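Student: I've got a structure open and I'd like to learn how to read its strands and helices. Can we go through it together?

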Amino acid sequence: MTGRGAVYPTRAAVLAAAAGVPVTLVLAVVTPHAWYAGLAWPAAVLLLALADALTGSNAATATLSAPASASVGETVDLLLDVRAPGAPRQVDVALAAHPLLAAEDDGRSRMTLSGGKGAALLPVTAIRRGTAAVDRIWLRWRGSLGLVWKQRSLEAGATWPVLPDIRPVRDKGAEIFRRHALNGLMAQIDRGDGTDFDALVEFRTGMDRRAIDWKQSARHRKLHAKEFRSERNEQVVFLVDCGRQMSDPVAGLPRVDRAVSAMLLAAWVALKLGDRVALHAFDSRPRIASGLVSGAGAFAELQRLAARIDYGAEESNYTFALTTLATRLTRRSMIVMFTEFTDLTSADFLVRAVARLVETHLLIVVVLRDEELAAFVERAPGDADDVTRAVTAAGLLRDRQVVLTRLRHLGVHVVEADHDKVGDRLVAAYVDLKRRNLL
C-alpha cells in the first residue's frame, strides 16, 4: 500500500505546554525586564516534541485481504497485515467507511505489534448488496516520548461483491426438502393427489373408488384404478417489489433483501420439484423480467438476476407491474409477490390490480410482519408520547389487517411472517398449494 504520513501533538504535549503558561505569567509580573525567560518552558516542550517526531521511523506498510464475496447481512473478517518498524506495541487502526458496510466503533480498533509486525481480523457486516470497498486505512501510534502522534494514511484498494443471501438455501434447503419429503411430495412422485395419470394398478383398500376404471376392470376381471401423480412443469413467477417502502430496514437489513432471500429459497425448492421459475422486479415500472428457467442448474441464473434488484426510491406502481406481467403469461401460473404497504391509498391500488389478476392466476402475497409497529403497541407506555405512538401504531396495524383480509376475500393466499421465518412459511404455502392441485 502506498500512502502519506502526518505528525501532530498528543494531548499530553498540549497539556504540558499549557502547564507552562502560569509560570510565564508569574515571571512576567515578578521580573518584567526578563519576561522572555518564561518562554523557556513551552520552547522546551516544543523541542522535545520535535525530537520525538524525528526519532524512530515513520514508515509503515499494510496489506488488507478481503473475501472473494459476501452475502448481504453476513459478517466477514478482513485480514490486516501491518509492518511498522518504528512503531511501539500498540497501534490504532481505522478503516474508511463505506455505505455498504457497517463496522464496530466506526471501523476503529487497536492492534498489538511484535517486532514491528502484526496481524488482526477486522469484522465488517455487509448491510446492502453491491460492490463493497475499503479504499483507505489509517495507522496511528505514539512517539517514544508520547508527545506526538505519527499517522500514516494508506491506500487499501480492497473490493468484493455483496451478493443476495443464499445461506437459507445452504443451511435450510436440504432440511426443508427432507421435511416435506415425509409427505411424499419431494423425495418421490406424489401419487394419489395429483392430476397427471401415472399408472393403472389393482384396486386396494383405502383407494378412492372414484378412480376405478370400469372398462379396464371388466377386461381384466379385476378391479383396476387409475393412479395419478403431482403435475410437474408448472410455472412459478416471483414478483419482487423494490420500491421505496421495500427499502426500509427490518432487523438491520432492507425489506427487499429479506424478500430476495426468501424468494431464492422457494425458487430452489420449486426447481428441485421440476417446476419452471421466473423472476420479475418492479417499482414505479418493471425493472427485471426474466424468462422461465427449469432444472436445479438454473438456480445460479436466478441468483445473478436477484443481485441486479436495486433499492428503489420511487413509489410502487402495482397496476403497471401486474398488467405487464399478465400480458407475458400465456397460461395459468402461480405468482408469488413480495411487497409492503403503509397507507390505504397504495393498498387500494394493490387490491384493484390483484382483483383482475387473481381471476386467471394463483396469487400468493408475501409481507413481513412489522416488528417496529408491533413493539410500539406491546410496549407499556411511560408518558404521553408513548401513548400517542401506541395508538398510531395500532391504527396502522388495523388498516394493514383490513387490506390483508380484503386480499384473502379475493382468493389471494397471504403469507405474513417474521423476517427470519418468512422463507419457511413461503415454502410450506407453496408445497401445500401444489399438493392441493390449486394451480
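Predicted model: local features only at pLDDT ≥ 70, side-chain atom pairs only at ≥ 80, totals over all residues.

Student: What holds strands together in general, and which residue stands opposite S65 in β4?

Tutor: Strands of a sheet pair through backbone hydrogen bonds, and the pairing can be parallel or antiparallel. Here, the residue opposite S65 in β4 is L79.

Student: In what order do the strands of that open sheet come?

Tutor: The order is β2-β4-β8-β6, four strands with antiparallel pairing. At the edges you'll find β2 (61-65) and β6 (101-103); each has a single partner strand, so one side of each has no neighbour in the sheet. On average, neighbouring strands of this sheet are turned by 35° against each other, direction ignored.

Student: Now the sheet with six strands: what is its order, and what kind of pairing does it have?

Tutor: That open sheet reads β17-β16-β13-β18-β19-β20, and its pairing is mixed. Its edges are β17 and β20 (413-417), each with a single partner strand, so one side of each is left without a neighbour in the sheet.

Student: How do I see the mixed pairing?

Tutor: Follow β16 (residues 276-282). With strand β13 (residues 235-241) it pairs in the parallel sense over seven bridges, and L239 has H280 in β16 as its bridge partner. With strand β17 (residues 286-289), β16 runs antiparallel, over three bridges. There, A281 has I288 as its bridge partner, and a hairpin of three residues links β16 to β17.

Student: Is β16 mostly covered or open?

Tutor: Mostly covered: six of its seven residues are buried. As a general idea, side chains in a regular strand alternate between the two faces of the sheet.

Student: Which strands does helix α5 lie across?

Tutor: Helix α5 (residues 255-272) lies across β13, β16, β18 (334-338) and β19, at about 175° to β13. Helix α10 (residues 384-409) lies across β19 and β20, at about 150° to β20. Those two strands are joined by five bridges and run parallel, with V366 and V415 as bridge partners.

Student: Why does the length of helix α1 agree with what it should be?

Tutor: At 1.5 Å a residue, the 20 residues of α1 (residues 11-30) should span 28 Å, and the end C-alpha atoms are 30 Å apart, which agrees. The buried residues in α1 include A13, G20 and T24.

Methods: Residues numbered from 1 in each chain as written. Heavy atoms only, no water. Expected span 1.5 Å × (residues − 1). Buried < 20%, exposed > 50% of the residue type's maximum accessible area, 1.4 Å probe, protein only. Pairing = 2+ DSSP bridges. Contact = heavy atoms within 4.5 Å. Axes fitted to C-alpha atoms, helices over the stretch in contact; angles between N-to-C directions.
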